[in-house]
Amino acid sequence: MKLFTQSRKIALQTLLPKENGQLKRILRIMKLTAVLILIACLQVGATTYAQKVTLKAHNVALENVLKEIKKQTGYTFLYSNELMKKANKVSVELNNVVIKDALNDVFKAQPLNYSFNEKTILIIEKRASIWDKVNDILMRMRVQGKVVDSVGNPLAGASVKILGQNVSRSTNSNGEFILENVQSGDVLRISYLGFQPVDRRINGNENKSIVVVLQRDITQLQQVAVISTGYQKVNKSQLTGAASTIGEKDYNQRVAVTGNFLENLEGKVPGLVYNGISGEISIRGVSTFDAVKRPLIVVDGFPTEIDLSTINPNDVVSVSVLRDAAAASIYGVQASNGVIVVETRRGKSGKPVFNFRSTFAFQSKPDFGYMKYMGSEEFVQLNRDYVKTGNDASYFYDDYTPMDPVRKVLFDQEDGLLTEQQANEKIAAIGSYNNLSDYKRLFYQNRLVKQINLDVSGGGDKSTYLLGLNYVGERPDEIRSKNNRFILNVANTYQFNKTFSFDFKGIYTKNQQESGKTAPYADLLPYDRLTDANGTALPATFGELKESFYAINAAYNAKAKAVGLYDQAYYPYEELFANTNKQSLNSFRGQGRLNAKITSWLNLDLGGAYENEQGVNDQLRTEKAYSVRYLINSKAKKDPVKGTPLFIDLPKGDFLTKQTLRKVDYTLRGQFNANYYSKDSKHNISGILGMEQRKTQSDSYKTTFFGYDGQSLINKPVNLQVLNSTITPVFPEVGSYGSRFNSASYYSETYDDRRFRSLYGQATYVYDRRYVATGSLRIDQSNLFGVDPKYKNKPLWSAGLNWVINEEAFMKPLEWVNTLQLRAATGFNGNVPSSFNGPFLLLNSRLNTMFSSTELFYDVLSPENQSIRWETTHNYNVGLDYGLLDNRLTGSVDVYYKKTKDVFGILSADPTLGFNQYNANTAAIENKGLELMISSLNVATSGFNWRTGLTAAFNKNKVLAVQPKDKTSSYDIVTGTDLQKGYPMNAVFSYKYAGLNALGQPGVYDRNGDIKIMNTYGDAIVDVDFEDLKYSGTTTPKYVIGLNNQFTIGAFDFSFLFMYYGGHIMRVQAPNPDDMNYNFPLQGSAGYWKVKGDELKTNIPGFPEYGTPGDFSYAARYGYTYGDTFVRKADYIRLRDVILTYNLKNAMLKKIGLSNSQIRFQAQNPFKYTFSGNDVDPEFIDKRTGERSLPQRPFYSLTLSTNF
Amino acid sequence: MKKILYCIFSALVLFSLSSCKDFLEVKPKGVILPEKVSDYESMLFSFTMTQTFPSALLYCTDDFYGDYSAVDRSIAANSYYWREELDLNDQVSPVIWGQLYRVIYDANVIVKHVMAAKDGSTEKKKEVLAEALLVRSDAYFTLLTAFAKAYDPATAANDLGLPLVSSTVVTETAPGRSTLKSTMDTIISNALQAEKDLPLSSINRYRATKAGAQGFLSRVYLYMGDYPNAAKYADLALKASHALIDYNAISSKNGIPISDLNPEILWQRASEEYGVPTFMLYSDQLKTFFNANDIRYTFLTVSNSKGLNRAAPPGRANFGVTFPELYLTIAEAAARTENIGRAMEMLNKIRKVRIKTAAYQAATAANPEDALTLVLAERRRELAYSGLRWMDMKRLDKEGRMPEVIRTNKQTGTVLATLKPHSKMYTLQIPARVRQFNPKMEIN
């Protein structure tokens, strides 16, 4: 159909004077009535034999062709009707050809022959004479040629095809091809992705060696006319919903260095937000709490459940993002968050072509300076003031509890054991050391990544193949870590006969990760030494996670060691080697699809995908690991006579915890595809109807070996019964609290089996190529009993319209408009809650280890609740697509409105009925927004090309309704994530901080402007309420803009991508001396209030002095830490990547058979600018708490690629 | 023809997909829709239904000394100072109330459905039902000791009791408070039904037996002041096999078996708080009841710089019915019914195994009041930190036997709180969160 449209257009243009619009329209209407017959151009020629014919026909009856030739030349034809019945349909393209040649072409594939008799031509039945046969063979020839681009570079893998025959070849790495048995007059079509195809007629007398020059097809590069929904491939002009596609060229603009295929999508699709740090991905905002938030990911038509690292970015051909209901609801309940459809490469017929790509990447150690950790001296000062104000005293400690060494000195001074001078000297000695640089040196290294990709593809007429290998080796920035990934993939296609074709893909992935344990810096005091001069690990003051509950001090530790127990101190540097985690994941994915053509307009797909993922996680904790030593110590028994420890219940030695994970899922699908045109081709109905069955099963087993020896493979028995029971340690030397042993952390099993069966259908009706209507319907059934049967069969549907304006007659004069279409669609999507809930009472099972004999028990997981329903999202989308100025400027605009009802959330409940809260459909949330995409070719000359791509998404999220919640303390509002009606989902509220009063107490303003000193737990509770708080904004960006520029300058390609995220806010961590006890305080925290008058200089509350009028509770301090002064705009711009590619044109390389050779340099995240102050990086901060995380330095890579 | 064949073939393939009906019938694992007797019985092993003693009822007793600062608003401190609101705020599940109504929910699930279970004999179903009824009665009883006035038969019909919940649908509204009498009647009638159907022995001491129900009834009757019935059910319960551990025969508390193997325990109940009563300090007043000859004073305590702490029990601490409690109940009932001989006989059974043999002398009483004083003193010693003290304080206060309880800061000597005789504080207020959801509910 498409081919025909093009040829008709060309014919019309030749025929008609361009300026005559009226005539053009009339003729156009006339011609339209003759669509399937014939279109020809008359040329007034001279006389008799020299008559020339110009004619284009596609599947036209011979009789009609002859009539047309008669009209053009005046020759008459003689034949019988019987003879004409034997004739085949004719497809020819003739342009000013002498009648003899024209007839040769027309009769080439006919069982008929002709002979001239003056002005009459006699048609007779063909008889194969010997002469004919000899002539036929003699006429055949061998054609060789070469395909090059405009600069003369050979194009490897270009397709060379003889039109009308089932013969095709691919060019080799030198761009050369050889075709045998070509007849004079045959037309070769030479095509290559991204270039305009060229047709070349082979004449018998011409040189049989040809050179074909292909021109880059800019419009084709910019536009991918077909979008894959996974179930079908839809022409863009038939789409009514919001969907966009990234083609191979755009996708490959950047090298996904670490092999994560999602990385390359950022900034290329409007409405898709990908966070490279957290790995979160969302389409058009989030409108759920409990249910699945990630978009559905579909690979080559089938959803994938296994690890996304199995998708090799080097194999990606296109990525389609389905954003609204009309595009996505064919996926049913899984599609609420949009769908990402990935198509991967298949082989191309031709000689084997090898692709090779190798990448090396480097990133320096993370930037610790950004963390603004307080130095030792400031930390010492804090300790002094803390003790001085009476906030800490020696009698707060048990005998065995560890103590900060500075405080210890201060307590000793208080007790008169040290003079002030002695104390100062001691403290100065402690505070003179800071461990941050040692910490960085001992735990971190530069990150290195290498990736190698090699594949080969080729094939013949009936089948193609692709075989690929990919290896990624990474040395992450934490010492002792390494990651390795290996992918092997195969893709084959088979055309068995005219009816059946088959397509197969298989991927095997092996993923291995290993790491030691990097002790968090917050575990340490800044003056804790990590190693001694010899590099031997030294103990930290406190235990793991800075805990002092199970931890014991040095004196008790010495006692413990003396009785024969393990050293129970925490050695952070030792932990790095004492803990080893190894993860190994093997995945296999295979999928096949058999297609059978039933009639010209109906075919059947039978297909399926099978995925199997097996993983093993090994966690080895040697007896040098803190967690092992204190557990064994606290479970030790005592020899009644000697008093020495007996390690009976839990033996000494290493722990090895092994977990195996398995995930098996399959999808089976049977689907009819129809595409029917009416006789006059005005009506087109296409659609699919199918049935699908899916099963996802996952399970895991965990087991542990105690007293494990990796060399002898010996492990020792343990007394789990006793270990599980709650007993205090026998040895008081290790403290009073026995560490808990929960056998579920060492032995466990999980099992999940989810099954779906679905019926779905989609239909598209096109009238006259101008008006498109679509509709889809899907019914999902599943074995999840979390849903009431009455909601189970709820159909999910969509409906849409598309008006292809550029096909309207009145648009024809506007030649600069190539594409213009207006789309509108609506639909209904569902989402399944991820937790177990339902109208029924559900119990979960656990083990009660409180008894001397452990018992299984059941308890209520979710109570009876008849009101439970699925979450539903109603979608509306209106969009406009355009292509202007020969498609040099293309783009789209979409406006959407999404309303999600019955959002799952926690509902506060009357505890008298048994539950303080339960899951229920509590809220309604709306998302509305605008998305636009502009792609323009700014400059296109042979030596210089400049393209700009802009994507922009504006999203506004609002909670429309939420079940009334009871009064909450202001602290819960400023720190919580509760929905508030009328505000966005991730709204942040803050105190209006009023600064410090003369006593140093932090205050907040209430709505009347009065200052309150909050106190939640004092005798007089002082709090502010919701109305007194300030709405600071939302942590979700409202605007996401990607600006991508690509330049081609001779042999160089240069591109860079800017990302802008804006309209959102973040909380930044306040300098707070109180963090010393729970967290690591920021630099500058020591500038707090100490004496009256300081309130004029500082806003930082100090340490309240116990029992004085200036005392304040920690609730008052929240007015400062969660005050509006520490909320900032989070808008930022990031130069996401800069890429420079050099296309090698070295003759040497060509000689040795290399083509398409490239060297590419890529820098990721080399620059960022935060509008509210560049000291904060919104990508490395918890926007709700303000806590910073270690920022990554720019990531540089060098890639070499070539074909041979 | 060929095309027709394709159509038939494809239709067959599609049909074969849809025909396996069982495909969607597989139930997820790890989650249970209860339908068998064993499903309901397994609920009786849950933390919810075995950890039914609220630790707040330890902190508010005169057994305990707390070193909480005056501004401490933790639940323990709020209980210790008998504050109006015990909870941290009105968002959290309220202490005592939330915990026990959750127990009642689980019990109601069993009560409502177990008789309709798909399998199992009627006898087995009745046993499970009986146990659920007993656990529910115990929960209501504990709630009464916290949120209702001490039981007085004269006013019980007018005093406020508790909302009696039977629904298991969370979207319904809670019923209003019944009278103290009707709450108590429900407790007793349910316990009596349980006593009828419960088996004679069970798998461990957390699971109820007939004697356990009798022991519980004895406790309830004692609280009500119905001494004949208290003694009657204690006698019945004592018929169950048991033993008193002679502390003279063991060298340390390690000689006491882990709690659910302890022959002194009849029906074990644990607390929701893991650590109690380990390291809870003995109040000065409680210490006055002991002397050096009392082995309990050394066995069951640890000294440190803060004072005399309760030692960790072997296994999880028990707050349910014990045999020593039953002996003391009989002794008290006898003293109150002027049977001094029986009172002393029962009292001495306990004393003999707790006091150093060398120092032991059988206790005697000159008159019933004397006998009662001795018995009540022994109750302080034997049942310290066993969860009964708050209930005892309440019933003794009603009859004017409770002195003022004072909380002081030992360093400064400041009095931080006082629990005066007949104080309103003996009845805890209905928690704020419950009042919010039930604005019409009458408060104390």
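Start by selecting residues 368–382 and 389–398 of chain B, which are helices H15 and H16. This is a predicted model, and here the two helices pack at an angle of about 155°, with their axes 11 Å apart. Angles over 145 degrees count as roughly antiparallel, so that is the label for H15(B) and H16(B). Their crossing is left-handed.

Now show the side chains where they touch. From H15(B), pick Leu376(B), Arg379(B) and Arg380(B); from H16(B), pick Arg389(B), Met391(B), Asp392(B), Arg395(B) and Leu396(B). Colour them by class and you'll get 3 nonpolar and 5 charged residues, with no polar ones.

Next stop: the largest nonpolar core, with 146 residues. Which members touch the most others? Select Met43(B), Ile96(B), Trp97(B), Ile110(B), Leu134(B) and Leu143(B).

Zoom in on Ile96(B). Skipping its neighbours within four places in sequence, Ile96(B) is in contact with Pro54(B), Ala56(B), Leu57(B), Leu86(B), Leu143(B), Ala146(B), Phe147(B) and Leu428(B).

Hop over to chain A for a second, separate core of 58 residues; Phe411(A), Leu524(A), Met1066(A) and Phe1180(A) are among them.

Finally, zoom out to chain B as a whole. Colour by secondary structure to find 17 helices and 11 strands. Its C-alpha atoms fill a box of roughly 115 × 50 × 45 Å along the principal axes, and 57% of the 444 residues in chain B are buried.

Methods:
Residues are numbered from 1 along each chain as its sequence is written. Chains are lettered from A and ligands numbered from 1 in the order in which they are written. This is a predicted model: local features need pLDDT of at least 70, side-chain atom pairs count only at pLDDT 80 or more; totals for chains, interfaces and linings use all residues. Side-chain values use heavy atoms; hydrogens and water are left out. Axes are lines fitted to C-alpha atoms, for helices over the stretch in contact, and angles run from 0 to 180 degrees between N-to-C directions. Helices (H or I, at least four residues) and strands (E, at least two) are DSSP runs, numbered from the N terminus. Angles under 35 degrees count as roughly parallel, over 145 as roughly antiparallel, 65 to 115 as roughly perpendicular and the rest as oblique. A crossing is left-handed if the near helix is turned anticlockwise from the far one by less than a right angle, and right-handed if clockwise. Contact means heavy atoms within 4.5 Å. Ala, Val, Leu, Ile, Met, Phe, Trp, Tyr, Cys and Pro count as nonpolar, Asp, Glu, Lys and Arg as charged, and the others, Gly among them, as polar. A nonpolar core is a set of buried Ala, Val, Leu, Ile, Met, Phe, Trp, Tyr and Cys residues joined through side-chain atoms within 4.5 Å. Buried means under 20% relative accessible area, exposed over 50%, partly exposed in between (1.4 Å probe, protein chains only).
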